[in-house]
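Dear colleague,

I am handing over the structure below, followed by notes on what was found in it.

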Amino acid sequence: SDEITITPYTTTEFSVAGVHLLFQYANVIYIPYCSSDAYVGHTDATAENAWLNLQGMRTVKEIIRTAGIQEDSTIFLAGSGAGSRGAMLLLDQLEPSGILPKGCEVRGIFDSGAWTDMKMYKNGRFTKDDPIVAVSTEDPFAEEDEEDEFADVEDENYSFRQQAQQGYRFYRPSLPKACADTYPTQKWKCLMPEYLLPTLQNDFYLINNEFDFAQMNNNFGYTEFPRLPTTKDRLYYALNLRGRIKKLNEKLVSLGKTVFAPACPMHNLFLVDELMFTKAGANQTSKEGGISLKDHLQQWLLKNITQPHIKDDCTGFGCGATCPW
């Protein structure tokens, strides 16, 4: 649908058994992706750039402001993919903006989209002799400079760093204060989730697959989606990308956030009901144990988290014991 809707919650909006019970007294505001700016645009067209009219962030704020939200409400700012990136940037901005009634609590649910600042793959860049990135060490394959050029890869895909840099230039978004203060001379980093997420003050739940195939496919230069690594050097790149994602997940958990991270090549789990039953942490042989996304999310919604970091302890590409494919 291309229409903005504000409706009482029904099981069709979040139809997985059990989860919908936690939202049975809620209203759902559905904001379609019609601004093409990851919901972060905050700029007007000019005579010189008539096409540059990017209003995603303003649209979201105005919808929330006029939605009739009551005092002391709990607001879950949620999104998948591009929607999650917009929700991330807005999470700490709703309360300071003055658009919410008194006493409201804002919590985030981010499904995928936690991009990391890792160089794009270039043919032959990785070999079996390259070290797999250790979770506790600096990633040797991060960008070293501030260059803002097209990546020399198939189909001329942009790296996520380039997307963040150009997005900041064109979208001109307002930024959460903590992130802007952390990166005063590199504010584009507040559009890169790897840098933004650790600065967020409000509570959030992150689904961050350790082999997120949207990031993997973009960094391979693929335009067909999804595709998996088909050569040894692409496989080693995917394993290094997993190391980078694991570092981010562990950092967020150390800051008090909650992360669900199966070692599966997936993206946007919320968009498919069956994927809400995806497990992480199961025994690699028996496939028993672990916890499903549905059950873990329920714990977080009820503020009853016992394990803030659910992950698969395994080696190899797509090694999660219960990956659906």
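Lys177 is exposed, with a relative accessible area of 63%, where exposed means over 50% relative accessible area, buried under 20% and partly exposed in between, computed with a 1.4 Å probe on the protein chains only. Its side chain meets that of Asp181 in a salt bridge, with N to O at 2.6 Å, the term standing for a side-chain nitrogen of Lys or Arg within 4 Å of a carboxyl oxygen of Asp or Glu. Asp181, at 47% relative accessibility, counts as partly exposed. Both residues belong to helix H5 (residues 177–182), where Lys177 and Asp181 are four residues apart, about one turn of the helix. Helices (H or I, at least four residues) and strands (E, at least two) are DSSP runs, numbered from the N terminus.

Before going further, please note that this is a predicted model, in which local features need pLDDT of at least 70 and side-chain atom pairs count only at pLDDT 80 or more, while totals for chains, interfaces and linings use all residues. Residues are numbered from 1 along each chain as its sequence is written, and side-chain values use heavy atoms, with hydrogens and water left out.

The structure holds nine salt bridges, and two others deserve a description here. The side chains of Glu210 and Arg242 meet at 2.7 Å, N to O. Glu210 lies in the loop between strand S5 (204–207) and helix H7 (213–220), and Arg242 lies in helix H8 (residues 232–254), so the pair ties together parts that are 32 residues apart in sequence. Glu210 is buried, with a relative accessible area of 1%, and Arg242 likewise counts as buried, at 6%. Asp295 forms a salt bridge with Lys294, the closest N and O atoms being 2.8 Å apart; here Asp295 is partly exposed at 30%, whereas Lys294 counts as buried at 12%.

Turning to the strands, five of them form an open sheet in the order S3-S4-S5-S6-S9, with parallel pairing. The edge strands, each of which pairs on one side only, are S3 (74–80) and S9 (309–311). From one strand to the next the twist averages 10°, with axes taken as lines fitted to C-alpha atoms (for helices over the stretch in contact) and angles running from 0 to 180 degrees between N-to-C directions. Two strands are said to pair if DSSP finds at least two bridges between them.

Within this sheet, S3 and S4 (residues 105–111) pair over seven bridges, and Ser80 stands opposite Asp111 in S4. Asp111 in turn stands opposite Ile207 in S5, S4 and S5 being paired over four bridges. S5 and S6 (residues 258–261) pair over three bridges, and the bridge partner of Tyr205 in S6 is Thr258. Both faces of S5 are covered, with Phe204 and Leu206 on one side and Tyr205 and Ile207 on the other, all of them buried.

Separately, three bridges join S7 (residues 279–282) to S8 (residues 289–292), and these two strands run antiparallel. Ala280 stands opposite Ile291 in S8. The hairpin of S7 and S8 has six residues between the strands, and in it Lys287 takes a positive phi near 65°.

For the voids, a 1 Å grid was laid over the protein atoms alone: a cavity is a set of points where a 1.4 Å probe fits but cannot get out, a pocket is an open set with protein on both sides within 12 Å along at least five of seven lines, and lining residues have an atom within 4 Å of a point. Grid points are joined across faces, edges and corners, and a volume is the space filled by probe spheres set on the points.

The second largest pocket has a volume of about 470 Å³ and is lined by 27 residues, of which Asp37, Ala38, Arg85, Gln163 and Tyr171 lie nearest its centre. Helices H2 (82–90), H4 (160–171) and H6 (193–196) each supply at least two residues of this lining, and H4 gives the most, with seven. By class, the lining of this pocket has 19 nonpolar, six polar and two charged residues, counting Ala, Val, Leu, Ile, Met, Phe, Trp, Tyr, Cys and Pro as nonpolar, Asp, Glu, Lys and Arg as charged, and the others, Gly among them, as polar.

With best regards
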